[in-house]
Amino acid sequence: MASISIRGMTKRFGPTTAIEGIDLDIQNGEFFVLLGPSGAGKTTTLRLIAGLERPDAGQIFMDGQDISGHFPAARDCAFVFQQYSLYPHLSVYDNIAFPLRSPMRKTPEAKVRERVHEVASLLHIESKLERKATALSGGEMQRVAIGRALVRSPKVFLMDEPLSSLDARLREELRVELRSIQKRTGSTVIYVTHDQVEATTMADRIGILEKGKVQQVGTPMEIYEQPATLQVAQRLGSPVINALPADWAGLNSPTGAVHAAIRPEDVQVAQLDGALACRVIEASLLKHEMVVERDGIEIHVHTAPDAVFHPGDTVSIRCDSSRCLYFDAQGLRMNDRPVNHASLS
Ligand SMILES: Nc1ncnc2c1ncn2[C@@H]1O[C@H](COP(=O)(O)OP(=O)(O)OP(=O)(O)O)[C@@H](O)[C@H]1O
């Protein structure tokens with residue numbers, strides 16, 4: 001286990017700047033998620049940490065030691081890729097055992113057997129150990145790939161969307177499993193995803209990456225409640241936060257605000273003072289959500305479990321200004337607001 005610090009790291013591929021002067025500090029034993037859209041530079045950051053890419057500028061420190069010039073093997077990171085990369089001619093057992101049998105480690109076979117069985121049991125693939133890797137389902141193959149990383153105790157686990165090729169149920173199951181293994185072993189994990197559910201359910205802290213730059217680092221709650229920019233506010237939350245023009249009817253925005261953003265759960269649907277009449281466009285009874293419209297602007301709102309609305313209905317909504325986030329012309333947040341601890345549960 002180790003801490004990782006990145007200072008001023010830049011990586012270019014020809015004319016493309018994948019990463020631009022990023023600083024990051026990942027603590028020992030932390031489950032750190034890098035979240036961002038496609039092309040944000042997440043994979044490049046992981047590959048730079050692993051030593052699979054050389055930065056154009058900047059340094060990487062492991063436990064305070066500069067490892068920028070070290071070869072990948074000397075960095076002792078275990079990498080789990082998006083697509084399982086198994087040895088097809090080997091059995092599941094031998095695939096998982098592989099890292100322990102490398103010339104650098106030369107683990108006694110009795111110890112190898114013990115570790116392989118431990119890891120296979122954690123990942124529920126004990127009954128598949130004798131099978132060829134190719135005779136497995138996609139989900140099983142990815143478990144083997146994860147098992148191959150878990151079988152040894154590297155300084156850092158680097159995981160690049162390891163669950164993205166799995167179906168929803170398996171993804172959820174492995175998400176819980178991976179997080180509980182990490183907690184039990186106290187490992188440092190840097191985990192890349194563009195899936196906000198994965199990020200918020202697994203992370204101790206999240207680093208939001210956009211266009212090669214770190215936008216914000218914080219706990220899921222901090223980022224959800226106190227996003228630094230409108231872009232970050234739109235990265236977490238489903239349905240996405242409502243971004244309204246600051247001068248929209250019924251809002252009490254401060255001077256200089258260009259956007260007023262409010263989460264769907266903070267919009268009240270009720271006949272209250274200052275409520276605005278809106279037309280229902282879509283209503284999902286199952287999800288207790290609906291989309292309403294006024295002056296051509298659509299607003300996502302949550303509804304009470306017993307409330308029944310239909311498209312075309314007129315409803316009254318109220319955007320409580322104490323729950324609004326205001327952003328300036330650059331998209332930077334202008335106000336603090338009280339933390340609502342129920343909102344991420
Ligand atoms: N080997 C390469 N050669 C050229 N350009 C590259 C290379 N690797 C990455 N890039 C570019 O660098 C940018 C960042 O890519 P990266 O793969 O790090 O993003 P990402 O956030 O991991 O995206 P995704 O979620 O789609 O995997 C992209 O514009 C990508 O096209």
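Colleague: Helices here are DSSP runs of H or I with at least four residues, strands are runs of E with at least two, and both are numbered from the N terminus; which of them each supply at least two residues of the shell around the ligand?

Modeller: Strand 2 (16–26) and helix 1 (42–50) do, and the largest share, 3 residues, comes from helix 1. This is a predicted model, in which local features need pLDDT of at least 70 and side-chain atom pairs count only at pLDDT 80 or more, whereas totals for chains, interfaces and linings use all residues. Residues are numbered from 1 along each chain as its sequence is written.

Colleague: Which residues are around the ligand?

Modeller: Phe 13, Thr 16, Ala 18, Gly 36, Ser 38, Gly 39, Ala 40, Gly 41, Lys 42, Thr 43, Thr 44 and His 194, where a residue is near a molecule if its C-beta atom, placed from the backbone, lies within 6 Å of it.

Colleague: And by class, what does the shell have?

Modeller: The shell around the ligand has 8 polar, 3 nonpolar and 1 charged residues, with Ala, Val, Leu, Ile, Met, Phe, Trp, Tyr, Cys and Pro taken as nonpolar, Asp, Glu, Lys and Arg as charged, and the others, Gly among them, as polar.

Colleague: Switching to the backbone, which residues does a cis peptide bond join?

Modeller: Ser 238 and Pro 239, with omega about -5°; Pro 239 sits in the loop between helix 9 (230–233) and strand 11 (242–245).

Colleague: What about phi of His 124?

Modeller: Phi of His 124 is near 55°, a positive value in a residue other than glycine, and His 124 lies in the loop between helix 4 (109–122) and helix 5 (138–150).
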